[in-house]
Amino acid sequence: MGGRNASEDERLSRVAVVTGGASGLGLAICAHLARRGGRVAVLDLDADAAGRAAADLAARGHEAVGAEVDVADRASVEEAFAEVRSALGPVEILVTSAAVSGFVPFEELTADAWARTIAVNLTGTFHCAQAAIGDMAAAGWGRIVTLSSAAGQTGTPRQAHYSASKGGVIALTKALALEYAAKGVTVNTVPPFTADTPLLRTAQESGLLPGSDVLARMVPAGRLGTGDDIAAVCAFLCSDEAGYITGQVIGVNGGAVT
Ligand SMILES: NC(=O)c1ccc[n+]([C@@H]2O[C@H](COP(=O)([O-])OP(=O)(O)OC[C@H]3O[C@@H](n4cnc5c(N)ncnc54)[C@H](O)[C@@H]3O)[C@@H](O)[C@H]2O)c1
């Protein structure tokens, strides 16, 4: 990857926060936003990995910072966003990719696992959106993209907690879109089906999901998604050109959910 393209810099010289930015889809989204000229804050529970991701972007000529956050913890979110503002300026773009997953039969699902999944995936999205949206409304320009899941559209067996959290993310996205549409802030969600990331591979290695050849047969396009498939769409939704798209569920899933 070369240096930044001047015309792209003009198009998207924005301060972008990506939660869960140290791995998988979040990491790919950071790279795509940076290539479009964004100044990227990589936020993640894994502080070392966030730092490495930001250093990698900086080594490629992009402006980037890494910071630790637990999106489920309000104080941690406020601290991380304060760090971003002092390093890069007011937040203009937010992509929420941080999440936890898990597979467990419903009757074995503990209240703790339910609570933690909702806390990270749904309440974490709420905390981050609330931390960012004031800057966007004040500027009259903002972009929020939430990563939800096909599980939140159709439900997935053994994932009642995860499906409920992601269904909540879809509804939260739509509500925010309507509330902020007249303020220049768009809010959309991308619900992946299967994308080849550490989250997916961990579930496969634990025997909780079938192998990639089996999963690929569930996708009309015949293959798993890649980080680039999803990140390209997220980055477009964060651009000026996407200003008339809001409140939408944009499937990037090879036709798996239509
Ligand atoms: N990969 C898929 O097939 C798939 C399918 C459907 C939905 N999704 C969604 O896409 C998003 C990205 O998934 P991925 O596959 O890249 O996962 P991943 O596990 O590779 O990355 C998730 C990142 O979130 C971070 N994280 C976890 N808990 C956090 C917390 N409390 N605070 C801050 N950061 C935290 C992790 O450290 C990790 O770096 C998630 O929202 C996931 O639910 C992924």
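This is a short exchange about a predicted model of one protein chain.

Mentor: Local features here need pLDDT of at least 70, side-chain atom pairs count only at pLDDT 80 or more, and totals for chains, interfaces and linings use all residues. Residues are numbered from 1 along each chain as its sequence is written, and side-chain values use heavy atoms, with hydrogens and water left out.

Trainee: How many helices and strands does the protein chain have?

Mentor: Ten helices and six strands. Both are DSSP runs, numbered from the N terminus: helices are H or I with at least four residues, strands are E with at least two.

Trainee: What makes the protein chain as compact as a globular protein of that length?

Mentor: Its radius of gyration is 17 Å, close to the 18 Å from the globule rule for 258 residues, so the chain is as compact as a globular protein of that length. The radius is taken over C-alpha atoms, and the rule is 2.2 Å times the number of residues to the power 0.38. Along the principal axes, the C-alpha trace spans about 50 × 35 × 35 Å.

Trainee: What share of the contacts with a separation of 6 or more joins residues 24 or more positions apart?

Mentor: The share is 74%. A contact means heavy atoms within 4.5 Å.

Trainee: Why is the pair R60 and D56 called a salt bridge?

Mentor: The definition asks for a side-chain nitrogen of Lys or Arg within 4 Å of a carboxyl oxygen of Asp or Glu. In R60 and D56 the closest N and O atoms are 3.3 Å apart, so the pair qualifies.

Trainee: Why are R60 and D56 called partly exposed?

Mentor: Buried means under 20% relative accessible area, exposed over 50%, and partly exposed in between (1.4 Å probe, protein chains only). R60 has 33% and D56 has 39%. Both values fall in between, so both residues are partly exposed.

Trainee: What does the salt bridge between D70 and R116 tie together?

Mentor: D70 and R116 meet at 3.6 Å, N to O. D70 lies in the loop between β3 (64-68) and α4 (74-88), and R116 in helix α5 (residues 111-139), so the pair ties together parts that are 46 residues apart in sequence. R116 is partly exposed, at 39%.

Trainee: How do you know that D196 and R201 form a salt bridge?

Mentor: Their closest N and O atoms are 2.9 Å apart, which is within the 4 Å limit. D196 is partly exposed at 37%, and R201 also has 37%.

Trainee: Which residues are linked in a network of salt bridges?

Mentor: R14, E92 and D240. The structure holds eight salt bridges.
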